[in-house]
Amino acid sequence: MTDPQPQKGLVIIHTGDGKGKTTAALGLMVRAWGQGKSVKMFQFLKHTGARFGEHRAAEKVGISIESRGDGFTWLSKDMDETTAIAVDQWAHCKAAIEAGETDLIILDEATYPVTYGWLDADEVASTIANRPAHVHVVVTGRDAHEKLVSIADVVTEMEDIKHPYRDQGIKAQPGLDF
Amino acid sequence: MADEFPRDNPGVTPDGPEKSAPARKGMLVVYHGPGATKEIAGLGVLFRANGRGLPVRHMRFKQAPKGEPSGDDLALETLGIPSHVIDAPTEDAAVELWSKAVRHVSIVQEGVLVLEGLLDAIAEGWLSGGQVSETLSGKDSFLHVIVTGEKAPSELLESADLISNMRAIKQRGSDAPVIAGIDY
């Protein structure tokens, strides 16, 4: 078999219990954008229309961050609705991946809907694995499903050594955490 | 509600663990480990805080990630984020840059300061871990300081509010081609 593409897009996963998964994905997005690459972020779980620091910064420079969610699941009152939002968000992700027009696509917090079974792990893994050869896909979230790990080129675990909320009761800080 | 940050730990109840903790605090954050991911986490925080309109500044105590031109530097410039970098890592350059960091910490009361590769300058013996820890944990402001590098000295591990170790579970081979926008 010959590889027709000189440079293969990577699948990168940021997982683990420690902080820094989304933040590092944002950093990668900024780095790629700095190189003139086209980038896009899709956020699962985080509220539709969220206005975190990253959304504000992205808006200023014309980077697309699409959030579709109703917060984290243990706050959800209607699981059917929560599932439907995730399925809808995945349809947007899938379309963007398959279109091949974006060099770097970030699926933020995408491990959760897979782990919870709202999305089919095989479908997500095969869509990512069969992407156009130049496209990089970054997936973040705890407990990455083994099917996602198996198709990844790079997996980094953010190991929780010290956590300000757990250890000191300090809440997430604007600008730092969101 | 849209602006409220979702808790990332289902195991933690909304009320716990301590109600007396400050609502807002300038945090000392350490991202360390062997992987390259720790550096881009610093870049991500800068982007976020810049979006909030907070004063942000970047200082790099090591050589830029392999490859030219650096995507990080191009992005920082386009975003208008002030950045101080040392071209060749030496003790003199590290000491001089550290003095800029000390000055920043003493003057700027909020926002984010990223000290990329500072841990490596400490590991080289160019800066004292105890002094760095004292300066960064002794500040009484809302400034968040992000420190990165391979290994953190015990003083910083002790004084930091947040520490994540970036562990490589799966990585590309050392002969893999360097990719613009990913590696630099």
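Is Arg68(A) buried or exposed? Select Arg68(A) in this predicted model: the residue has a relative accessible area of 18%, and since the cut-off for buried is under 20%, Arg68(A) counts as buried. The side chains of Glu66(A) and Arg68(A) meet in a salt bridge, at 2.8 Å from N to O. Glu66(A) has a relative accessible area of 22% and is therefore partly exposed.

**Stop 1: a buried pair within chain A**

Select Asp108(A) and Lys46(A). Their side chains form a salt bridge, with 2.8 Å between N and O. Colour by secondary structure: Asp108(A) belongs to strand β4 (residues 104–108) of chain A, while Lys46(A) sits in the loop between β2 (39–44) and α2, so the pair ties together parts that are 62 residues apart in sequence. Asp108(A) is buried, because its relative accessibility is 0%. Lys46(A), at 2%, is buried as well. Side chains of opposite charge can pair when their charged atoms come close. Over all chains, a search of the whole structure finds 21 salt bridges.

**Stop 2**

Move to Thr102(A), which is placed in the loop between α3 and β4 of chain A. Thr102(A) has a relative accessible area of 9% and so counts as buried. What does Thr102(A) contact, leaving aside its neighbours within four places in sequence? Select Ser38(A), Val39(A), Lys40(A) and Val135(A); these are the residues in contact with Thr102(A).

**Stop 3**

Next, select Asp80(A) in helix α3 (residues 79–99) of chain A. Asp80(A) counts as exposed, because its relative accessibility is 65%.

**Stop 4: the interface of chains A and B**

Show both chains and select the residues in contact. Chain A contributes 69 residues and chain B contributes 72 residues. About 6100 Å² is buried between chain A and chain B, with 60% of that area coming from carbon and sulfur atoms. Which three residues supply more of the area that chain A buries against chain B than any other three? They are Arg31(A), Lys162(A) and Leu176(A), which supply 13% of that area.

How many residue pairs are in polar contact between chain A and chain B, with both residues at pLDDT 80 or more? The count is 28. For the elements on the chain A side, select β1 (11–15), α1 (21–34), α2 (53–61), α6 (146–151), β6 (154–162) and α7 (164–168); each supplies at least two residues of the side that touches chain B. The largest share of that side, 12 residues, comes from α1(A). By class, the side of chain A that touches chain B has 32 nonpolar, 20 polar and 17 charged residues.

**Stop 5: salt bridges across the interface**

The rule finds 4 salt bridges between chain A and chain B. For one of them, select Arg31(A) and Asp72(B), whose closest N and O atoms are 2.6 Å apart. Arg31(A) lies in helix α1 of chain A and Asp72(B) in helix α2 (residues 71–79) of chain B, so the pair joins two chains. Arg31(A) is buried, because its relative accessible area is 2%. Asp72(B) is likewise buried, with a relative accessibility of 2%.

Then select Glu157(A) and Arg167(B). This salt bridge has its closest N and O atoms 2.4 Å apart.

**Stop 6: strand pairing between the chains**

Show β6(A) together with strand β6 (residues 162–170) of chain B. The two strands run antiparallel and are joined by 7 bridges. To locate one position in the pairing, select Glu159(A); its bridge partner in β6(B) is Asn165(B).

**Stop 7: strand β2 of chain B**

Finish in chain B with strand β2 (residues 56–60). Why is β2(B) described as largely enclosed by the rest of the structure? The reason is that 4 of its 5 residues are buried.

Display the partner strands of β2(B) next. Strand β4 (residues 112–116) of chain B runs parallel to β2(B), with 5 bridges joining them. In this pairing, His58(B) stands opposite Val114(B). Strand β3 (residues 83–85) of chain B also runs parallel to β2(B), through 3 bridges. Here, select Arg60(B) and its bridge partner Val85(B).

How values were computed: Residues are numbered from 1 along each chain as its sequence is written. Chains are lettered from A and ligands numbered from 1 in the order in which they are written. This is a predicted model: local features need pLDDT of at least 70, side-chain atom pairs count only at pLDDT 80 or more; totals for chains, interfaces and linings use all residues. Side-chain values use heavy atoms; hydrogens and water are left out. Contact means heavy atoms within 4.5 Å. Buried area is the accessible area (1.4 Å probe) that two parts lose on being put together, summed over both. A polar contact is a pair of N or O atoms within 3.5 Å; within protein, one must be able to donate a hydrogen and the other to accept it, and residues adjacent in sequence count only if both atoms are side-chain atoms. Ala, Val, Leu, Ile, Met, Phe, Trp, Tyr, Cys and Pro count as nonpolar, Asp, Glu, Lys and Arg as charged, and the others, Gly among them, as polar. Two strands pair if DSSP finds at least two bridges between them. Buried means under 20% relative accessible area, exposed over 50%, partly exposed in between (1.4 Å probe, protein chains only).
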